[in-house]
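Dear colleague,

I am passing on the structure we spoke about, and below it you will find my notes on what turned up when I went through it. Please read them with the coordinates open beside you.

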2 protein chains.
Amino acid sequence: MASPDRPSRGKEPASPGENPTPGEALVERVFALLSSFDSENRALPLAGLTRRTGMPRSTALRLARQLTDVGALERLDDGRFVIGLRLLEIASLAPRGHGLRAVAMPYMEDLFHVTGQHVLLAVRDNHQALLVERLSAHDAAPVRFRVGERMALTTTGVGLVLLANAPVGVQERVLQDFVAGEGDTTIRTPEELRRSLAEIRRGDYAVARRLDPAAPRTTVAAPVRAREGVVAALSVVAPSPEFDPTAYVPAVRATARAISRELRETEAAG
Amino acid sequence: MASPDRPSRGKEPASPGENPTPGEALVERVFALLSSFDSENRALPLAGLTRRTGMPRSTALRLARQLTDVGALERLDDGRFVIGLRLLEIASLAPRGHGLRAVAMPYMEDLFHVTGQHVLLAVRDNHQALLVERLSAHDAAPVRFRVGERMALTTTGVGLVLLANAPVGVQERVLQDFVAGEGDTTIRTPEELRRSLAEIRRGDYAVARRLDPAAPRTTVAAPVRAREGVVAALSVVAPSPEFDPTAYVPAVRATARAISRELRETEAAG
């Protein structure tokens with residue numbers, strides 16, 4: 001699978017009036033425009049695209065029209081733009097996204113029905129985790145993360161598992177940037193984080209507690225391994241304090257191992 | 001939601017040596033390159049990108065590198081390119097993809113566990129259906145379609161429901177193009193297809209039978225409605241002849257209605 005360690009990208013908008021050199025700047029502009037959308041802004045008028053990218057109105061309109069022509073954007077009846085199905089079609093071929101998900105899904109289903117809690121699958125992308133799949137019941141206590149969204153490596157169960165198994169360089173960088181008390185978890189200092197990562201490697205699972213009094217949560221997470229090492233993390237997230245996390249550790253670990261085995265068999269067959 | 005009737009796009013590769021005019025041609029080239037990947041070719045070397053796009057090697061390499069820089073592609077250790085997580089992140093914001101899926105998923109889970117069969121959710125995109133979600137058990141008889149893949153409107157249960165509820169122009173166009181006997185279903189002629197569409201509208205559900213002797217299948221499908229009309233189709237696919245499709249009609253219809261109601265509530269709230 002692809003390395004999760006490509007150089008990090010800036011998401012700063014291009015400065016207004018900047019002159020695009022054909023080619024390089026245009027690919028960046030295309031992705032700056034596509035990155036204008038977020039979960040609070042799934043539909044944007046031209047003015048929104050202009051404001052969020054810093055592009056001149058004419059440039060934003062031309063790009064948006066071209067992206068609509070290829071199906072990467074779609075246009076609503078009211079003139080606003082939304083992300084199009086063509087991108088879903090292409091993105092579904094990402095080995096670290098839907099490819100992994102296709103193998104993991106039946107096992108996640110099993111875990112979901114045994115536990116009745118949220119089941120999450122995430123991969124690492126540089127210094128963040130990205131949620132690839134989430135199964136939730138109708139009546140489950142809401143969790144903040146949606147599929148395709150980024151999560152911190154230091155404050156989530158899947159993130160901690162991914163961080164504990166990341167290259168030393170990534171770990172050191174994250175430890176360096178760690179802000180004490182961030183994310184309202186039980187890990188408050190870089191020293192505690194370092195200790196936690198060592199424990200996670202030793203036990204091959206993580207327990208993370210979110211202390212937010214409005215919605216306290218406990219997560220049990222375990223690594224998913226392909227031939228090249230840890231490629232994903234699986235977790236069960238449940239409301240505290242009703243939930244005794246130790247009860248789910250064997251189920252989460254066994255399911256993560258089942259997914260790992262099938263991933264390796266799939267790789268061997270491919 | 002966006003109209004599923006944008007003009008259809010060609011997927012022909014650019015002719016070799018063609019000179020890109022900056023802007024327009026480049027957006028097309030970016031998507032020609034991203035469209036080189038398919039489910040049999042999730043990882044492509046530079047030579048594969050060159051061959052599949054018809055682009056000069058230098059152009060393909062430059063574009064692939066720029067796409068890797070923004071995370072739209074990722075590069076494997078062996079030098080091959082794959083679709084990157086950045087596209088999954090952007091695509092997850094498509095209202096007709098993950099937006100719809102997020103609402104539908106818990107209900108699809110319910111249907112999956114009541115029936116134990118494949119549960120599919122698809123939307124129409126021009127003259128095809130696109131599979132947005134599929135739930136399948138470990139031991140389910142394999143179905144051909146994967147998430148993000150296109151399906152015919154005339155040979156699948158979800159496709160028939162979407163077609164029966166499409167604008168007259170789309171229906172006439174599809175009827176015109178219909179090749180008798182295509183897809184090995186019980187609908188063999190344009191007249192039979194026309195009659196089936198009328199029946200589906202009357203009954204508000206479809207039963208489709210695939211006759212393939214190696215893997216006979218029956219599908220029960222029903223429409224999902226938002227405020228602007230039918231936006232998706234939900235189905236249960238099960239092996240024939242073990243499966244009596246009439247048994248699942250009420251469950252599929254009730255689940256499609258539950259998703260529809262929640263979609264309208266979500267729209268009203270948004």
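Which residue just after helix 3 of chain B takes a positive phi? In this predicted model, that residue is B:G71, whose phi is about 90°. Helix 3 of chain B itself runs over residues 57–69, and at 1.5 Å a residue its 13 residues should span 18 Å, which agrees with the 18 Å that separates its end C-alpha atoms. The buried residues of this helix are B:T59, B:A60, B:L61, B:L63, B:A64, B:Q66, B:L67 and B:T68.

A positive phi also turns up in each chain at an asparagine. Most residues other than glycine have a negative phi, which is the reason for listing these two. A:N126 has a phi near 55° and sits in the loop that joins strand 4 (118–125) to strand 5 (128–135) of chain A; because its relative accessible area is 10%, under the 20% cut-off, A:N126 counts as buried. In chain B, the phi of B:N126 is likewise near 55°, the residue lies in the loop between strand 4 (118–125) and strand 5 (128–135) of that chain, and B:N126 is buried with a relative accessible area of 11%.

Turning to chain A as a whole, there are nine helices and nine strands, and 56% of the 270 residues count as buried. Of the contacts in chain A between residues at least 6 apart in sequence, 54% join residues at least 24 apart.

One helix pair in that chain may be of use to you. Helix 7 (residues 168–177) and helix 8 (residues 190–203) of chain A pack at an angle of about 150°, with 9 Å between their axes, and since angles over 145 degrees count as roughly antiparallel, that is how the two helices are arranged. Helix 7 of chain A passes helix 8 of chain A in a right-handed crossing. From helix 7 of chain A, the residues A:Q171, A:E172 and A:L175 meet A:P190, A:L193, A:R194, A:L197 and A:R201 of helix 8 of chain A, and by class this contact has four nonpolar, one polar and three charged residues.

Finally, B:V237 lies in strand 9 (residues 229–239) of chain B and, at 7% relative accessibility, counts as buried. Neighbours within four places in sequence aside, B:V237 is in contact with B:Q117, B:H118, B:L120, B:V143, B:R217, B:T218 and B:T219. B:R209, 28 residues away from B:V237 in sequence, is 9.6 Å from it in space, C-alpha to C-alpha.

Key. Residues numbered from 1 in each chain as written. Chains lettered and ligands numbered in written order. Predicted model: local features only at pLDDT ≥ 70, side-chain atom pairs only at ≥ 80, totals over all residues. Heavy atoms only, no water. Helix = DSSP H or I, 4+ residues; strand = E, 2+ residues; numbered from the N terminus. Expected span 1.5 Å × (residues − 1). Buried < 20%, exposed > 50% of the residue type's maximum accessible area, 1.4 Å probe, protein only. Axes fitted to C-alpha atoms, helices over the stretch in contact; angles between N-to-C directions. Parallel < 35°, antiparallel > 145°, perpendicular 65-115°, else oblique. Left-handed = near helix turned anticlockwise from the far one by under 90°. Contact = heavy atoms within 4.5 Å. Nonpolar A, V, L, I, M, F, W, Y, C, P; charged D, E, K, R; others polar.
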